[in-house]
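Open the model in your viewer and keep the selection tool ready. The stops below go one by one.

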Amino acid sequence: MEINTTTTVLITIASVGTLGTFVYLVSTVRSLKDRLETLALEMVDFHTYVDNQEVEQARNHDRFSDDVDIRFDRVHRKVSKNQDEVYQNLDRLKTELPEKIRTVIGHIEFARPLDNKINKG
């Protein structure tokens, strides 16, 4: 019976040790599972944050791009308007300048000196 009792004690000690190890492993696995779930939630939160940042940056870029396009259109219209005015002035000068030159030459050809000293001398 002594062998039987010793065997029973050894089996009991081995069973308690194995059971203790099993309980420890189960607790460790549950802890790791909880940590993994927490990390998964944090990962989802991080991806949501990154996605929101990307959307915000895209909106900012679109606003900036639209603003630049509007400003370039305004500048283009002003330049076109000024260019049109310059061409109109040039065309007006082309038509008016010969007449003004003729008028000035006519005055020069038939003008009398305003200074009578020149005629006396």
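Predicted model: local features only at pLDDT ≥ 70, side-chain atom pairs only at ≥ 80, totals over all residues.

Being 4 residues apart in helix α1, they are separated by about one helical turn. A salt bridge joins Glu96 to Arg92, with the closest N and O atoms 3.3 Å apart. Glu96 is partly exposed, because its relative accessibility is 30%. Arg92 is also partly exposed, at 39%.

Next, pick Asp67 and Arg71. Their side chains meet in a salt bridge, 3.1 Å from N to O. Both sit in helix α1, 4 residues apart, about one turn of the helix. Asp67 has a relative accessible area of 31%, so it counts as partly exposed. Arg71 reaches 52%, so it is exposed.

Move to Arg59 and Glu56. Here the closest N and O atoms of the salt bridge are 4.0 Å apart. The two residues lie 3 apart in helix α1, again about one turn. Arg59 is partly exposed at 47% relative accessibility, and Glu56 is partly exposed at 32%. The count of salt bridges comes to 4.

Now for the surface patches. Select Asp62, Asp66, Asp69 and Asp73: they form a negative patch. Asp69 belongs to helix α1 and is partly exposed, at 41% relative accessibility.

Then select Val86, Tyr87, Leu90 and Leu93. They make a nonpolar surface patch of about 370 Å². Tyr87 lies in helix α1, which spans residues 2-110. At 47% relative accessibility, Tyr87 is partly exposed.

Finally, show the whole chain. How many helices and strands are there? The chain has 2 helices and 0 strands. Buried residues make up 0% of its 121 residues. Its accessible surface is about 11700 Å², with 62% belonging to carbon and sulfur atoms.

Definitions and conventions. Residues numbered from 1 in each chain as written. Heavy atoms only, no water. Patch = residues over 30% accessible without salt bridge, like charges linked within 9 Å, V, L, I, M, F, W, Y side chains within 5 Å. Areas by Shrake-Rupley, 256 points an atom, 1.4 Å probe, with all protein chains shown as cover. Buried < 20%, exposed > 50% of the residue type's maximum accessible area, 1.4 Å probe, protein only. Lys, Arg positive; Asp, Glu negative; His and termini not counted. Charge placed at Lys NZ, Arg CZ, Asp CG, Glu CD.
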